[in-house]
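Please view the sequence and the model together while reading.

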Number of protein chains: 2
Amino acid sequence: MTATPTTLSPNGIPSNPPTTAPHWPRGFSSGGVAAGIKKPGVNDLALLFGNGEFGNGELSAAAVFTRNLIVAAPIQVSRANLAVSSARIRALIINSGCANAATGEEGLVRSRRTIESLAATLGVPSQSVLVNSTGVIGVQLPIDRIEKALPALKASLQPGSCETFARSIMTTDTRPKWASRIIRWMDGTTERTCTVTGVAKGAGMIHPNMATMISVIATDATLTPSELDGHLRSAVEQSFHRISVDGDTSTNDSVFALSSNCAGTVPPNQLALAFEAVAQELALMVVRDGEGFERGLEVRVQGGRTQSDALQVARTVAMSLLVRTAVTGGDPNWGRILAAAGRAGVELNPSTLRVSAGGIALFAAGEPTNADSVAVRRAFTADTVRIELDLAMGDASDVFWSCGLTKRYVEINADYTT
Amino acid sequence: MTATPTTLSPNGIPSNPPTTAPHWPRGFSSGGVAAGIKKPGVNDLALLFGNGEFGNGELSAAAVFTRNLIVAAPIQVSRANLAVSSARIRALIINSGCANAATGEEGLVRSRRTIESLAATLGVPSQSVLVNSTGVIGVQLPIDRIEKALPALKASLQPGSCETFARSIMTTDTRPKWASRIIRWMDGTTERTCTVTGVAKGAGMIHPNMATMISVIATDATLTPSELDGHLRSAVEQSFHRISVDGDTSTNDSVFALSSNCAGTVPPNQLALAFEAVAQELALMVVRDGEGFERGLEVRVQGGRTQSDALQVARTVAMSLLVRTAVTGGDPNWGRILAAAGRAGVELNPSTLRVSAGGIALFAAGEPTNADSVAVRRAFTADTVRIELDLAMGDASDVFWSCGLTKRYVEINADYTT
């Protein structure tokens, strides 16, 4: 397998992930156990560890955290450790079942204790551990249960499959999410390989919490933290920053990148493509596993005066409740697409604007095209509805993914549980 | 009845409108007929006319139109007439059943023909007629049916009740919407009165259209067009610009104000309060008649650094899908409120931020308050859920109204009809 050269998935939102979990890159071990934070017997503690297979186990680290101003305790603590360690770490621990958000000073104390106890268990400096949490908001982290589970968590570590880790960070996800690319290149006469493997947990509601998105992308490419950060930010920009299910960002959202530096210097273009492909596959799996998902929505905008204009129109159309309900209904309602574009806050010329769906023009030259209704209906009942807008104002283009808004989404999120 | 001195309704979203329709102010006649634009026998053409009861029938006019860049033909034509006539007009005609939006050059021709034919029927200059349309997008206006109905429309004109007019502009509204205030003041030893009466049609989906909101507010106060414009803009800012059901603005949204100048100079403060009260009552009726409405949502923010900050937080919380589904479920999910506030793009201090509902503190000093769960549940199952946020950053406050997002909303809007 080689890195797919497309940066923006040409095939819409992918259906199920591959059934067999890919391997983490060389230099990583992972594990997961049930600590009793969620219901008994369900894995809720995950660990990714630099195992030193080909070196000292030190990992380069980078992270993109939530832009929400209400930031959960583990993110505050991880941010501090990234700074203190100069982004050279050994381990990342994630618990599900409790977000440790809106927990005040005591929340910070418990996140720090998680880090210190794990560092002691693994025999590494506490500044070399990162942490995140996902689950209920406003409830203190059951730190005793976590500490009790740490020896078993350490014992569960093994190289290879990412499956246990991916499953241990799930909340109301209906399936684990993973994606991987292997890059091959010639170093003189020697063929060399590098792996980029990512996992994610997606939009899932846990009372009284909102969706939290966490992703971890690991590679064995040799990269300084700053190089890794560049690859991560560019990949996130093309993936996780281009999707929406709720329109809400959570207190715990984060994407981590870690490199074990075993594979040597990888051709940067190939590595960038692999990062983008993995991040994009994961992001679209998060959309597909969004609550009440029935049909995907992809909005591509071209002809923008600037990229920011193109993105703004794509995002506004993709997030419009009226467009999203029309997608659910398989309803070729181009009037709603037009109205959403018109309120995007971007200069538009209604007489040159073109709106298409699945390649069929619906609106052009200021008027409906009266396209063949059977073909149009087919475009709106596809597994992923692809809407295209040509603003005819310039050369910039962008894309945004969402999904139809469904009754099931409302049902899940309106469901009162105490 | 006197103008209510409250500018921001203290009683949340009002329930049903008064069952008896109020009267238009002096100097106005109105009518409505079935022109066959909607299904046979249903009124779809409405006319408001300066009848010259106490003068020449000239009305001062003002309007606030949609901010959407895709603007329907009738709005373009009305805007031009407002300019040409220096906002001194005689009549406003509104049809329901067809929005005349996204109809290109031909749409403009048909809106102009509506105006010219009505002007001829009424014997007034064509520049003194305003027009708007609401209904299906992308379908040409059935101008022949409209022209055929104009004599009957003229014949239906009578002073008094606003009921026929209010019913004739309805689309999928489940009930007509009207509100009225009478202002009384002493002019020396003479008691004088002035009336402000408004009607509205609200969020209703007509395939392939989005919600269109149209409101008309009339008064007999003596006002220049510019004074009338000032009252209208200030009232709209406190009402229609503070509500959301869809998050979408339509191609035809508009609020018209007309004054017949029969009542003399009204104390400006009392007039401003009456305008605000009428506009706010109408706006909240639009919310209450929003598709799938089950429960209202009022978000009040105080302690903002600036009013724009306070409004931004109120709007973001009120429009959050996760908050709105929690409201539907009667779910005291303060975590979602916090997260929405945190992504509003406004400086916040999580450790001083307070979140309450129905007067009960839920989150303060960076932590949940562990308020009495029965009382909290009661606050979240009220007819209108009232959320209060104190940002503790300054003195600015604002309010925004919305409603729970329901399965019925999705059902109505996902319903495919050809």
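## Basis of the description

This is a predicted model, in which local features need pLDDT of at least 70 and side-chain atom pairs count only at pLDDT 80 or more, while totals for chains, interfaces and linings use all residues. Residues are numbered from 1 along each chain as its sequence is written, and chains are lettered from A and ligands numbered from 1 in the order in which they are written.

## The contact between chains A and B

The contact draws 52 residues from chain B and 53 residues from chain A; two residues are in contact if their C-beta atoms, placed from the backbone, lie within 7 Å. On the side of chain B that touches chain A, at least two residues each come from helix 8 (321–329), helix 9 (334–342), strand 14 (367–368) and helix 11 (407–414) of chain B. Helices (H or I, at least four residues) and strands (E, at least two) are DSSP runs, numbered from the N terminus. Helix 9 of chain B gives the largest share of this side, seven residues. By class, the side of chain B that touches chain A holds 21 nonpolar, 21 polar and 10 charged residues. Here Ala, Val, Leu, Ile, Met, Phe, Trp, Tyr, Cys and Pro count as nonpolar, Asp, Glu, Lys and Arg as charged, and the others, Gly among them, as polar.

Helix 11 (residues 407–414) of chain A packs with helix 11 of chain B at an angle of about 170°, and their axes are 8 Å apart. Axes are lines fitted to C-alpha atoms, for helices over the stretch in contact, and angles run from 0 to 180 degrees between N-to-C directions. Helix 11 of chain A is therefore roughly antiparallel to helix 11 of chain B, a term used for angles over 145 degrees. The residues that make this contact are A:Lys407, A:Val410 and A:Glu411 of helix 11 of chain A and B:Lys407, B:Val410 and B:Glu411 of helix 11 of chain B. They divide into two nonpolar, no polar and four charged.

## Helix 2 of chain A

Helix 2 of chain A has 19 residues, which should span 27 Å at 1.5 Å a residue; its end C-alpha atoms are 28 Å apart, in agreement. The expected span is 1.5 Å times one less than the number of residues. Its buried residues are A:Gly107, A:Arg110, A:Ser111, A:Thr114, A:Ile115, A:Leu118 and A:Leu122. A residue is buried if 20 or more other C-beta atoms lie within 10 Å of its own, exposed if 12 or fewer, and partly exposed in between, with C-beta atoms placed from the backbone.

Seen down the axis of helix 2 of chain A, the buried residues fall within an arc of 135°, so they line one face of the helix; the arc is that of the directions from the helix axis to the C-beta atoms. These buried residues pack against strand 2 (45–50), helix 1 (73–84), strand 5 (91–98), strand 6 and helix 3 (143–155) of chain A. On the other side of helix 2, A:Glu105 and A:Ala120 are exposed. Just after helix 2 of chain A, A:Gly123 takes a positive phi of about 70°. A:Pro125 lies in the loop between helix 2 (104–122) and strand 6 (129–136) of chain A, and it is partly exposed, with 13 other C-beta atoms within 10 Å.

## Helix 1 of chain A

Helix 1 of chain A has 12 residues and reaches 17 Å from its first C-alpha to its last, close to the 16 Å expected at 1.5 Å a residue. Its buried residues include A:Ala73, A:Ile75, A:Val77 and A:Leu82. Their cover includes strand 3 (59–65), helix 2, strand 6 and strand 10 (254–259) of chain A. Just after helix 1 of chain A, A:Ser86 takes a positive phi of about 50°.

## Loop residues of chain B

B:Ala102, in the loop between strand 5 (91–98) and helix 2 (104–122) of chain B, has a phi near 60°, a positive value in a residue other than glycine. B:Ala102 is buried, with 27 other C-beta atoms within 10 Å. B:Asn370, in the loop between strand 14 and helix 10 (373–380) of chain B, has a positive phi near 55°. B:Asn370 is exposed, with 10 other C-beta atoms within 10 Å.

B:Arg305 is found in the loop between strand 11 (296–304) and helix 7 (307–319) of chain B. Not counting residues up to four places away in sequence, B:Arg305 touches B:Glu347, B:Met393, B:Gly394 and B:Ala396.

How values were computed. Parallel < 35°, antiparallel > 145°, perpendicular 65-115°, else oblique.
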